[in-house]
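Trainee: Hi, could you walk me through this one? I'm still new to reading models.

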Amino acid sequence: MANSLNTLVSFLPLIIPLAIIQFGLMIAALVHILKHDTYKTGNRLLWIIICICVNTIGPILYFVIGRGDE
């Protein structure tokens, strides 16, 4: 048990920044989705579900293929 805890603690310097980046991307994508009405592909509900459920890939997909022209 102590060995697995030490392993987890050793990975914290990598895990914490990745979690912050993922959370920031998700918040940025959700704010953009809720402020805008037009999308290249899909609708608002679809992109909200993708951004929340697909973690890091979802917000990146939204910014690459879902965000409409402004």
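Trainee: Which residues form the nonpolar patch on the surface?

Mentor: The patch is formed by Leu-5, Leu-8, Val-9, Phe-11, Leu-12, Leu-14, Ile-15, Ile-16, Leu-18, Ile-20 and Ile-21, which together have about 1000 Å² of accessible area. A patch takes residues with over 30% relative accessible area and no salt bridge, joining nonpolar side chains (Val, Leu, Ile, Met, Phe, Trp, Tyr) within 5 Å and like charges within 9 Å. Accessible areas come from the Shrake-Rupley method with a 1.4 Å probe, and for residues only the protein chains shown count as cover.

Trainee: Before I go on, what sort of model is this?

Mentor: This is a predicted model, where local features need pLDDT of at least 70, side-chain atom pairs count only at pLDDT 80 or more, and totals for chains, interfaces and linings use all residues. Residues are numbered from 1 along each chain as its sequence is written, and side-chain values use heavy atoms, leaving out hydrogens and water.

Trainee: Where is Leu-18 found?

Mentor: Leu-18 is in helix 1 (residues 2-35). Helices here are DSSP runs (H or I, at least four residues), numbered from the N terminus.

Trainee: And is Leu-18 buried or exposed?

Mentor: Leu-18 is exposed, because its relative accessible area is 51% and exposed means over 50%, buried under 20%, and partly exposed in between (1.4 Å probe, protein chains only).

Trainee: What about Gln-22, buried or exposed?

Mentor: Gln-22, also found in helix 1, has 16% relative accessibility, so Gln-22 counts as buried. Leaving aside residues up to four places away in sequence, Gln-22 touches Asn-55 and Thr-56; contact means heavy atoms within 4.5 Å.

Trainee: New topic! How many salt bridges does the structure hold?

Mentor: One. The side chains of Arg-44 and Asp-37 meet in it, at 2.6 Å from N to O. The term means a side-chain nitrogen of Lys or Arg within 4 Å of a carboxyl oxygen of Asp or Glu.

Trainee: Why can side chains pair like that?

Mentor: Side chains of opposite charge can pair when their charged atoms come close.

Trainee: Last one: at what angle do helix 2 and helix 3 pack?

Mentor: Helix 2 (residues 44-53) and helix 3 (residues 57-66) pack at about 140°, with axes 7 Å apart. Axes are lines fitted to C-alpha atoms, for helices over the stretch in contact, and angles run from 0 to 180 degrees between N-to-C directions.

Key
Helix = DSSP H or I, 4+ residues; strand = E, 2+ residues; numbered from the N terminus.
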